[in-house]
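Have a look at the structure first, then read on.

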Amino acid sequence: MVETRKVQVTGGSTYTVSIPKDWATDNGVSAGSEVEFYPEGDSLFLTPRSEEERTEGTLDIATLEGDELTRAVMTMYVSGFDIIALESSRITTDQRRTIREATQSLVGLEVLEETRDRVVIRDLLDSSELSIHNAVTRMRLISLSMLEDAIAAIAEQDDDMARDVIQRDDDVDRLWMVVSRIFRATLRTPKAAEELGLPREICFDYQSAARQLERIGDHATKIAHLSLNFEEPVDGEIVEAIQELFEEAKAVVNGGMDALFAEESDEASRLANESREAVQAIDTSARGIDELLRGLDPARAQLLGLIVDSVSRSADYGGNIAETALQKAAPTP
């Protein structure tokens, strides 16, 4: 329930306001306790002051194996637990292997303790040193380079390059988890946003963009897998058309990201609108490539059609980033 309090003046220059007793009791605040205030726009957030503590979460994994166990570890990580205790009456060898693989796939995690019935994982990173801006920037570079190399693998029939693209998807996924963890931390406490030096709305915009970049990485991986199915070289005209489509898609993504990072609202709006308009031109280019595929063997045409679709979808994701940039640049109510 919303409670109102009247602001009073004490000593002629100090404003004071009381806090609800129920809230104070629930949060261990009493006479003499210290609280922290965090200003954000026209709001002021109040939290109890506490010593820096590592948040610990415990999970029973007796019925979890394989992908379910991996997702459980990742969920605990993204949720913000610094120490994750996984417990069971007896942790199997397969479960231990899955836990180690999940730990290695996440930034900053390390197995701290292992016993017969318990595995403890700890985040060794200082959250105040993490940068959501740097993580998103890194995702941008990796996902676009993956997409470029996946298409180059088709043009050059380079299976090693394709497999390298597939492996690099793990790097994008790790960064996506980091961004999600940081963003959720800003939702839980204003102190996290204060340490980042960014308003929570901007953290939300970065998280939204990161999601689109993670999807671009997924489509680059899909293209790399498809490229391994070509036993004969792809026609040069088709390869050239796909490479041109990629350049158009790359320009859309870069335009959207530049708009997101632009400090001036007018510049951000201009870049974002240019990117959104370019998406329509990419749809036209994709239809032109589809016409080139009509005379090919159906199975081969289907593979190439899937590749064209993935490049086009990557451009759509760039358009989504541009939309987020427009919302960020809009006046604040």
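Phenylalanine 183 has a relative accessible area of 10%, so it counts as buried, the cut-off being under 20%. Keep in mind that this is a predicted model. Phenylalanine 204, on the other hand, is partly exposed at 42%.

The structure has two aromatic pairs, and these two residues make one of them: their ring centres are 5.9 Å apart and the planes sit at 45°, so the pair is tilted. Phenylalanine 183 belongs to helix α5 (residues 159-188) and phenylalanine 204 to helix α7 (residues 200-227), so the pair ties together parts 21 residues apart in sequence.

## The other pair

Tyrosine 206 and phenylalanine 261 also pair up. Their ring centres are 5.6 Å apart with the planes at 85°, so this one is edge-to-face. It links distant parts of the chain, with tyrosine 206 in helix α7 and phenylalanine 261 in helix α8 (residues 236-261), 55 residues apart.

Tyrosine 206 is buried, at 6% relative accessible area, while phenylalanine 261 is partly exposed, at 21%.

## Arginines over rings

Which rings have an arginine over them? Arginine 181 lies over the face of tyrosine 77, 4.8 Å from the ring centre. Arginine 200 has its charged end over the ring of phenylalanine 45, at 4.5 Å from the centre.

## Out on the surface

Tyrosine 15 sits in strand β2 (residues 14-16) and is exposed, with a relative accessible area of 66%.

Terms used: Residues are numbered from 1 along each chain as its sequence is written. This is a predicted model: local features need pLDDT of at least 70, side-chain atom pairs count only at pLDDT 80 or more; totals for chains, interfaces and linings use all residues. Side-chain values use heavy atoms; hydrogens and water are left out. Helices (H or I, at least four residues) and strands (E, at least two) are DSSP runs, numbered from the N terminus. Buried means under 20% relative accessible area, exposed over 50%, partly exposed in between (1.4 Å probe, protein chains only). Rings of Phe, Tyr and Trp (its six-membered ring) pair if their centres lie within 6.5 Å; planes under 30 degrees apart count as stacked, over 60 as edge-to-face and the rest as tilted. A charge sits over a ring if NZ of Lys or CZ of Arg is within 6 Å of the ring centre and within 35 degrees of the ring normal.
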